[in-house]
Amino acid sequence: YRRERRSEELLASWRLAEVGDAEVIRGGTLEVVHASELVPGDLLVLRAGNVIPADARVVEAARFAVDAAPLTGESEPVAKSARPVAAGVPLAERSSMLYRGTLVATGHGHAIVTATGPQTELANEREIADAGNARAAGAEAHGGRLQADIAAREAKIYELTSAIKHT
């Protein structure tokens, strides 16, 4: 059940991340651009209710919290700040990082885009999920062949034992 729920959350966040506009500051000017036009280095302007359109590092935050459940499984919004974190910290503990497809739950802030499109953590999760689904489909197909093989052998054994009983 838990895996299925996580898959549903990922699918929902992928749908949200695929569409929409983002507010950015480019050259000192506030602009609204389609999420697909974001590039690393853009300065995102984020408010409660925004879906985060790209992976980004927080540079300014005020009462800023993000619902990262689709990526981390956290059930509560996680506070975000501009304080750096050590290298190698698990994804769920990266308090200065934002990830595409997650939702700003409270507050507001600015963040520098670090990754877009297929380079994001969400894309990485999608790739892992797709690979897992492919393996599961392959295992099901293999399992189906194995079941058919076992059934055929059982039928052969039944046939042989029946023949022996009647002789």
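The lining of the largest cavity divides into five nonpolar, one polar and two charged residues. Here Ala, Val, Leu, Ile, Met, Phe, Trp, Tyr, Cys and Pro count as nonpolar, Asp, Glu, Lys and Arg as charged, and the others, Gly among them, as polar. The model is predicted: local features need pLDDT of at least 70, side-chain atom pairs count only at pLDDT 80 or more, and totals for chains, interfaces and linings use all residues. Residues are numbered from 1 along each chain as its sequence is written, and side-chain values use heavy atoms, without hydrogens and water.

The lining consists of A68, T72, E74, V78, K80, L91, A92 and Y99. A cavity is a set of points on a 1 Å grid over the protein atoms alone where a 1.4 Å probe fits but cannot get out; lining residues have an atom within 4 Å of a point. The volume is about 40 Å³, taken as the space filled by probe spheres set on points joined across faces, edges and corners. The whole structure holds one cavity of 30 Å³ or more.

L46 touches P53, F64, L98, V104, H108, G109 and A111 (heavy atoms within 4.5 Å), not counting residues up to four places away in sequence.

A35 is buried, at 10% relative accessible area (buried means under 20%, 1.4 Å probe, protein chains only).

Notes
On a 1 Å grid over the protein atoms alone, a cavity is a set of points where a 1.4 Å probe fits but cannot get out, and a pocket is an open set with protein on both sides within 12 Å along at least five of seven lines; lining residues have an atom within 4 Å of a point. Buried means under 20% relative accessible area, exposed over 50%, partly exposed in between (1.4 Å probe, protein chains only).
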